[in-house]
Amino acid sequence: MQQHVIASSSTNARLRARDLTAEEIAEIEHELTLYPTKQAVGLEALKIVQRHQGWVSDESMLAIADYLSVPVSELEGVATFFNLIFRRPVGDKVILFCDSVSCWIMGCDKVKKRLSEHLGIDYGETSAGGEYTLIPVPCLGDCDKAPVMMVGEKMHRNLSCESIDSLLPLSNAEGSK
Amino acid sequence: MTDRPLTKNIDLSRGALSLKEYVAAGGYAGARAIANGLEPSDVLERVKNSGLKGRGGAGFPTGLKWSFVPKSDDVSIQRYLVVNADEMEPGTFKDRMLMEGDPHLLIEGMIIAAYTIQATRAFIFLRGEYFDAERSIAKAIAEARDSGYLGRDIFGTGFDFDIVLHTSAGRYICGEETALLNALEGKRANPRAKPPFPQVSGLWGKPTIVNNVETLCNLPGILAYGVEWYQSLGSGGDFGTKLFGVSGRVNTPGCWELPFGVSIREVIEGYGGGMQEGYALKAFLPGGGSTDFLTPEHLDTPLTYTAIGELGSRLATGTMILLDDKTCPVGMIGNLMKFFAHESCGFCTPCRDGLPWVDTIFRDLESGKGSFKDIDVLKDHVGYLGPGRTFCALAPGATAPLGSGLRLFADEFAAHVSGAKCPYH
Ligand SMILES: Cc1cc2nc3c(=O)[nH]c(=O)nc-3n(C[C@H](O)[C@H](O)[C@H](O)COP(=O)(O)O)c2cc1C
Ligand code: SF4
Ligand code: FES
């Protein structure tokens with residue numbers, strides 16, 4: 001099989017593709033039955049790997065590119081295009097906090113401030129205990145229940161500063177202030 | 001017959017209807033009408049005559065769009081139907097309700113559209129964050145397949161049809177229909193040059209129709225109850241019903257199915273329960289984040305594409321965003337500009353470089369570092385980013401709230417400079 005490599009400029013190390021797991025391969029194979037080209041499965045494959053590994057490492061990226069026979073640069077071009085493909089490790093749960101217009105009108109900035117204080121993190125960061133990564137997201141399509149956020153796959157609506165602490169328990173007492 | 005063909009089955013306090021329940025409620029009657037001998041050309045005629053316009057934002061007549069698919073009896077030519085379910089326009093929350101609330105209505109609409117253009121395969125391009133909709137649609141597709149409503153020779157028509165549910169991963173530009181096609185092909189989702197239009201050369205170069213979720217959900221009713229019924233629902237030159245929403249400081253924000261021609265006042269003050277105590281309506285965007293501001297003097301305007309267009313704005317998605325007197329208009333527009341700057345695909349220069357510049361100026365205004373020259377730069381950008389200057393409609397969309405806001409709220413903009421801070425806090 002053709003072996004793609006990513007050269008890392010900082011260490012000059014040549015990264016190798018990791019082996020995809022049997023589960024990942026089975027899911028990617030299923031997607032391949034649905035589309036007429038392998039390239040079309042790129043995003044699905046990235047999402048499958050992210051679901052299993054939590055994020056998409058360089059080694060995973062290489063493995064998917066190999067498996068689908070697409071240039072790794074093109075796959076990277078797809079991965080970096082999307083807000084929800086993570087090229088860095090994230091916490092156990094990703095918090096997508098809506099910062100769009102209706103939520104802003106309804107005071108999401110205050111809620112965000114409280115959220116950041118509670119978790120001890122700002123956008124793009126992961127809480128000390130590794131539970132949560134906080135990311136801003138455009139309008140989640142629930143504007144009549146603003147402000148809203150999504151934690152993992154679950155929507156939380158009509159947020160207030162008071163409701164934040166109980167919605168997001170932290171196992172590590174140090175993490176909360 | 002019903003006057004709420006889109007939402008009659010939707011009750012958010014319980015789950016969506018199963019296929020059995022949907023059929024018991026009269027569902028799949030439109031699809032069965034096809035089985036009883038309607039030809040694709042008959043369906044096209046009815047949809048044209050109904051006056052249905054696309055609900056994805058542009059309001060393009062659906063039957064006319066379909067008629068651009070090259071006619072051919074050669075079924076070996078692959079054609080595709082693509083459902084635009086990428087709802088991500090700020091302040092827009094209507095397709096979510098349809099998909100979570102009544103997925104079989106969408107599937108039935110898709111069967112009707114696909115049969116008309118003879119597309120044997122469809123893709124639903126669903127916003128990645130819509131997990132509840134994903135579950136609801138996946139379940140409905142499985143039920144429909146089990147019952148023979150999808151698959152080979154559906155309804156005994158000799159027509160094969162199946163649906164692939166594709167979930168995206170968060171990027172607003174994917175909602176632009178040609179960017180969406182690139183995304184489905186696994187490419188970076190920049191928009192494509194038009195022509196050729198997707199109807200002729202779309203997904204993998206094949207004839208393709210892209211329709212919005214709500215558009216397709218109109219089709220079962222049109223076939224089941226007829227064109228006359230459909231036209232009796234609307235007034236003011238637009239037919240049928242539409243999902244209209246209100247968000248912001250009203251007492252009962254929400255989204256309701258109402259006939260075209262209902263007044264803005266009725267939606268905001270009636271269904272939305274009016275402004276909350278202590279807040280007054282200052283202005284509003286009538287159809288999502290890419291529309292021009294209107295003001296309280298426009299409250300008695302009927303909600304139709306024409307009437308809102310005559311005011312210099314657009315009906316677009318029909319979901320209104322209200323600005324109240326306690327919220328800074330400059331802050332609100334700045335919030336929208338941050339969104340558009342972030343979601344620019346970066347393909348063409350005015351949008352890639354212009355929107356971040358605009359965004360930076362709004363941040364400066366907010367923090368008291370803005371100058372009067374900055375306001376002039378904003379005004380210039382309304383021209384630089386306007387229709388015809390960029391590769392797709394994202395940047396012109398951003399100029400709608402920007403241009404109208406600069407006109408309407410000139411005093412507020414100036415106050416941010418002269419007071420060197422936001423006067424609202
Ligand atoms: C930047 C941008 C984003 C768009 N997002 C959506 C969307 O999320 N959903 C949608 O249906 N149409 C969206 N559209 C409009 C589509 O390009 C297209 O007009 C629509 O899907 C056609 O469907 P219709 O004829 O049924 O309205 C968007 C357009 C632009 C320029
Ligand atoms: S206008 Fe913006 S979003 Fe559209 S093609 Fe140009 S850069 Fe991309
Ligand atoms: S603006 Fe937050 S859900 Fe729409």
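Reader: Before we start, where do the domain bounds come from?
Author: Domain bounds are taken from an automatic or database domain assignment. Keep in mind that this is a predicted model.

Reader: Fine. Which domains does chain B get?
Author: The assignment gives domain 1 (19–231), domain 2 (241–324) and domain 3 (329–418) of chain B.

Reader: How far apart are the C-alpha centres of domain 1 and domain 2 of chain B?
Author: Those centres lie 27 Å apart. The contact draws on 16 residues from domain 1 of chain B and 18 residues from domain 2 of chain B.

Reader: And how much area do those two domains of chain B bury between them?
Author: Domain 1 and domain 2 of chain B bury about 1,300 Å² between them. Carbon and sulfur atoms carry 59% of that.

Reader: How many salt bridges and polar contacts cross there?
Author: There is 1 salt bridge across the interface of domain 1 and domain 2 of chain B. The interface also has 11 residue pairs in polar contact. By class, the domain 1 side has 5 nonpolar, 6 polar and 5 charged residues.

Reader: What does B:Glu214 pair with?
Author: B:Glu214 forms a salt bridge with B:Lys242. Their closest N and O atoms are 2.9 Å apart.

Reader: Switching to chain A. Which domains there?
Author: Chain A is assigned domain 1 (8–81) and domain 2 (93–167). The C-alpha centres of these two domains of chain A lie 30 Å apart.

Reader: Now the two chains together. How many residues touch?
Author: On chain A, 39 residues are in contact with 55 residues of chain B. The two chains bury about 3,800 Å² between them, 58% of it on carbon and sulfur atoms.

Reader: Which three residues of chain A supply more of its buried area than any other three?
Author: A:Phe81, A:Val101 and A:Ile105. They supply 19% of the area that chain A buries against chain B.

Reader: What about charges and polar pairs between chain A and chain B?
Author: The interface of chain A and chain B has 3 salt bridges. In A:Asp99 and B:Lys338, the side chains meet in a salt bridge at 3.0 Å, N to O. Between the chains, 22 residue pairs are in polar contact.

Reader: Which elements of chain A give two or more residues to that side?
Author: They are α2 (42–53), α4 (72–81) and α5 (101–105) of chain A. The chain A side that touches chain B divides into 22 nonpolar, 10 polar and 7 charged residues.

Reader: On to ligand 1. Which residues come nearest?
Author: Of the 17 residues around ligand 1, the nearest are B:Gly56, B:Lys65, B:Asn211, B:Asn212 and B:Thr215.

Reader: And what lies by the oxygen atoms of ligand 1?
Author: A backbone N or O atom of B:Arg55 lies 3.3 Å from an oxygen atom of ligand 1. For B:Glu177, a backbone N or O atom lies 3.0 Å from an oxygen atom of the ligand. With B:Asn84, an N or O atom in the side chain is 2.9 Å from a ligand oxygen atom.

Reader: Backbone now. Where are the cis peptide bonds in this model?
Author: One joins A:Ala146 and A:Pro147, with omega about -5°. A:Pro147 sits in the loop between β4 (132–137) and β5 (149–151) of chain A. Another runs from B:Lys194 to B:Pro195, with omega near -5°. B:Pro195 is in the loop between α8 (177–184) and β4 (208–212) of chain B.

Reader: Last one. What is the phi of B:Tyr28?
Author: B:Tyr28 has a positive phi of about 65°, although it is not a glycine. B:Tyr28 lies in the loop between α1 (19–24) and α2 (29–35) of chain B.

Note on methods
Residues are numbered from 1 along each chain as its sequence is written. Chains are lettered from A and ligands numbered from 1 in the order in which they are written. This is a predicted model: local features need pLDDT of at least 70, side-chain atom pairs count only at pLDDT 80 or more; totals for chains, interfaces and linings use all residues. Side-chain values use heavy atoms; hydrogens and water are left out. Contact means heavy atoms within 4.5 Å. Buried area is the accessible area (1.4 Å probe) that two parts lose on being put together, summed over both. A salt bridge is a side-chain nitrogen of Lys or Arg within 4 Å of a carboxyl oxygen of Asp or Glu. A polar contact is a pair of N or O atoms within 3.5 Å; within protein, one must be able to donate a hydrogen and the other to accept it, and residues adjacent in sequence count only if both atoms are side-chain atoms. Ala, Val, Leu, Ile, Met, Phe, Trp, Tyr, Cys and Pro count as nonpolar, Asp, Glu, Lys and Arg as charged, and the others, Gly among them, as polar. Helices (H or I, at least four residues) and strands (E, at least two) are DSSP runs, numbered from the N terminus. A residue is near a molecule or strand if one of its heavy atoms lies within 4 Å of it.
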